[in-house]
Amino acid sequence: MDRESNQLQVLLVDKRGDQMVPLLHHNPIKADIVVLDGDFPSGDGDNWSSEEFDRNIVRERTGKRPLLAGELAVTVRDGVASIGDIEFTDNSSWIRSRKFRIGAKVAQGNFQGLRIREAMTQAFVVKDHRGELYKKHHPPMLGDEVWRLEKIGKDGAFHKKLTAEGVNTVQDFLKMSVVDPPKLRRILGPGMSEKMWDVTIKHAKTCVMGNKHYIFRNSNYTIFLNPICQLMKAEINGSIYPIHNLNNINRAYLENLVRLAYVNWSSLEEIEVISNEIGLLTQGDDMVDQYPNHQQIMLRTFQPNAYLEGYMPSEIQTDGSNWHISQTYLNTPIGNDNRLNILESNSDDDLTSPKSFITGG
């Protein structure tokens, strides 16, 4: 294809005058497609011999595949032939001109009579994509393989350690960095210094999140998570809970739900949230009260007198070690004063902090 994506063609023309005049030849003529040095021809561009043309054909480097692959022989009928699929197997950086041309010549012994001069394209650079195979993505995408992150080399030690633990994508990496950062650090091991860790995390946090949310629910609760397992909103016993200014026992309960959702991630319900709905999720109580019927982002309206009684795991308590049930808490109505708020997402949040389950906490 040329720059305009038109198929390359070989034309039989008469150039003896001021213009190129198409020629119709009754018999088919076979032609070979070759690679030429970009510096050929020198001087008078139209005055070369067949021997000079042949001397400037570029062959593959030692130990390499043939430089050009594909349909390398064409048949000129009625003065025209289309070149089929051809492919370079090497770049042009290793010859002095650093450029190639594609040439066409009459196949040896195929035509007797007047000489048909060879044809060629303009010179061009050929680049390979080997660098692309190992290139880091800026920003990374959720579905990118985890080695696309800085400091994690493809098939390197960190990559192998992560994949052995099921961390295959950037999304997997970010989810674990939110839910269990100590485990992620242990997987990577002492070979990843704190400086390297900071670089990797910073790069991962630039990931494009998209507009998908994930719902984890049972008969008593529904929680909404973003693609990296940060809590966006919760509904407990029929009341909508944006997630802000949590006390310790609220946070412990919701973090337990997030951990459970993380373990069961493949079974979560996936939804798409349009941009203005994402905005509502970050504005706090006023926006939620203002739009109580946005069914895409909330399952039910508020029930101010709902109770959490009976929904708290028996091991929950505030000190993080010897937890017990707080009866005062369990029997307190959830009113406007102690309702949970939706957290504002902050790009500078530390994804490794214990509060990062609950975005912006």
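Of the 361 residues of the protein chain, 41% count as buried, where buried means under 20% relative accessible area, exposed over 50% and partly exposed in between, with a 1.4 Å probe and protein chains only. This is a predicted model, in which local features need pLDDT of at least 70 and side-chain atom pairs count only at pLDDT 80 or more, while totals for chains, interfaces and linings use all residues. Residues are numbered from 1 along each chain as its sequence is written, and side-chain values use heavy atoms, with hydrogens and water left out.

The protein chain has 10 helices and 15 strands. Helices (H or I, at least four residues) and strands (E, at least two) are DSSP runs, numbered from the N terminus. Among contacts between residues at least 6 apart in sequence, 63% join residues at least 24 apart; a contact means heavy atoms within 4.5 Å.

**Helix packing**

Two helix pairs are listed below. Axes are lines fitted to C-alpha atoms, for helices over the stretch in contact, and angles run from 0 to 180 degrees between N-to-C directions.

| Pair | Angle | Axis distance |
|---|---|---|
| α4 (residues 170-179) and α5 (residues 181-188) | about 125 degrees | 5 Å |
| α3 and α5 | about 130 degrees | 8 Å |

α3 is therefore oblique to α5. Their contact is made by F158, K161 and L162 of α3 and L184, I187 and L188 of α5. α4 and α5 are likewise oblique to each other. Angles under 35 degrees count as roughly parallel, over 145 as roughly antiparallel, 65 to 115 as roughly perpendicular and the rest as oblique. On the α4 side, F173, M176, S177, V178 and V179 meet P181, K183, L184, I187 and L188 in α5.

**Two buried aspartates**

D172 is found in helix α4. This residue is buried but has no salt bridge, and the nearest side chain of opposite charge, K175, is 4.1 Å away. A salt bridge is a side-chain nitrogen of Lys or Arg within 4 Å of a carboxyl oxygen of Asp or Glu. For charge, Lys and Arg count as positive and Asp and Glu as negative; His and the chain ends are not counted. Leaving aside residues up to four places away in sequence, D172 touches G166 and V167.

D144 sits in the loop between α2 (130-133) and α3 (157-164). D144 is also buried without a salt bridge, with R148, the nearest side chain of opposite charge, 5.3 Å away. A polar atom of the D144 side chain lies 2.9 Å from the backbone nitrogen of M141. Not counting residues up to four places away in sequence, D144 touches H137, N168, T169 and V170.

Notes: Polar contact = N/O pair within 3.5 Å; in protein donor to acceptor, adjacent residues only side chain to side chain.
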